[in-house]
Amino acid sequence: MSEGTPAKASDPAGEMLWGFWYPALRSDQLHGRKLARAMLLDVPLVLGRDAAGKPFALRDICPHRAFPLSFGRFDGSSVECAYHGWQFDAHTGQCRHIPSLTADSKLKCERIFAGSFPCEERDGYLWAFMTNPEGRAVREAERATPGDSTTPSPVPELPTFSPGYKIAQLWAELPCGVDQAIIGLMDPAHGPFVHQAWWWRTRHSIRDKAKQFEPIPNGFRMSPHAPSANSAPYKILKLITGEPATTTIDFVLPNQRFEQIRAGRYWLSSRTTVTPIKRNLCRLDFAAAWNILPWFPIVSFIIHVLGPRFIRQDTEVIEKQGLGLKYEDRMMLVDDADRQARWYFELKSALLESRRTGEPMRHPVAGPVTLRWRS
Ligand code: FES
Ligand SMILES: [Fe+2]
């Protein structure tokens with residue numbers, strides 16, 4: 001991709017990235033001993049919590065004849081397929097029992113596995129580590145190679161900065177591939193046109209911006225800076241805290257945008273993830289924590305009333321863009337306003353390349369750099 005030239009929307013290859021944690025479900029979508037279905041990276045999953053409350057995620061396909069395990073029973077430790085009653089360990093997927101076998105059968109049922117994925121619960125989500133499409137257990141010999149993508153890193157965490165805080169979650173389905181959704185997430189130029197509102201900004205409030213960026217592992221950071229002068233919520237924050245606010249925004253592969261706003265002892269921390277459900281469907285999950293005026297629900301109002309409005313505006317744009325993308329999937333990445341999108345594609349290729357060769361990842365952002373655009 002060179003400057004200003006059309007690039008395939010699918011660069012590099014529209015690939016979904018394996019070897020990362022993705023949010024499969026919100027914690028409140030899973031009740032008691034019930035099994036719940038989810039889809040991540042085109043893989044159907046069945047999730048649950050064992051008798052001790054520890055979550056698990058299996059590929060929702062019985063290895064016998066592909067019957068979805070989610071129709072079966074769960075006793076707190078094994079999932080039983082509803083078709084022929086095979087039982088599988090909920091965490092490892094190992095087959096424990098095949099009811100049709102006679103006592104003298106030579107078949108070693110413990111050698112049969114349903115696909116399984118490491119699963120953990122954090123920040124109000126059940127996360128699954130998407131090792132590979134089959135949910136194949138990774139043997140020790142395959143682990144710990146350079147560029148290793150099979151050993152789960154720690155589950156992503158929403159940073160918090162003091163013991164007491166409020167939290168909120170928002171979500172929406174985005175009818176597009178993961179690359180379109182992610183570059184939409186980091187696109188600064190659509191604000192004045194898509195997110196117009198009298199209290200926020202209009203197309204006439206567009207002005208010159210200069211932001212400092214720096215490389216971070218697997219991503220890049222918009223260095224701490226004063227929030228946009230033309231953003232009303234930040235003005236409110238300054239008014240109530242009496243302190244200047246700074247904001248820091250990180251993008252980290254495969255799909256996470258972290259934003260932290262600090263003003264004196266007050267803070268607001270958010271994480272937005274765009275998770276590929278299928279090739280042409282993503283889910284946006286927004287999680288926020290804050291300690292700003294817990295007794296005066298201004299932040300809660302901004303998040304629960306204005307947040308869904310913003311998300312709806314982005315969803316509508318993505319739906320309409322889909323009408324055009326059916327006929328033309330090339331796109332242009334133009335100058336500094338689209339630099340972050342370009343970095344995203346370059347990060348993705350660099351990661352895939354490093355996994356292929358076993359060499360350390362070559363970071364596309366060489367050092368601190370200032371980007372300039374109007375928004
Ligand atoms: S299909 Fe699951 S036990 Fe036969
Ligand atoms: Fe937007």
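Start with the iron ion (ligand 2) and select its protein donors: H190 (NE2), H195 (NE2), D314 (OD) and D314 (OD), lying 2.1 to 2.5 Å from the metal. A donor here is an N, O or S atom within 2.8 Å of the metal (3.2 Å for Na, K and Ca); water is not among the atoms, so sites may look incomplete. This is a predicted model, in which local features need pLDDT of at least 70, side-chain atom pairs count only at pLDDT 80 or more, and totals for chains, interfaces and linings use all residues. Residues are numbered from 1 along each chain as its sequence is written, chains are lettered from A and ligands numbered from 1 in the order in which they are written, and side-chain values use heavy atoms, with hydrogens and water left out.

Stay at the iron ion (ligand 2) and look at the angles. The four donor atoms subtend 55 to 148°, and therefore the arrangement is irregular.

Next, trace the chain between donors. Their spacing is H-x4-H-x118-D. H195 sits in the loop between α2 (191–194) and β14 (208–216), while D314 is in helix α4 (residues 298–325), 119 residues apart. Helices (H or I, at least four residues) and strands (E, at least two) are DSSP runs, numbered from the N terminus.

Now show the surface. H195 is buried at 5% relative accessibility, whereas D314, at 27%, is partly exposed. Buried means under 20% relative accessible area, exposed over 50%, partly exposed in between (1.4 Å probe, protein chains only).

Finally, select C95, which is buried at 2% relative accessibility.

Methods. Four donors count as tetrahedral if all angles lie between 85 and 135 degrees; four count as square planar and six as octahedral if opposite donors are over 155 degrees apart and all others between 65 and 115; anything else is irregular.
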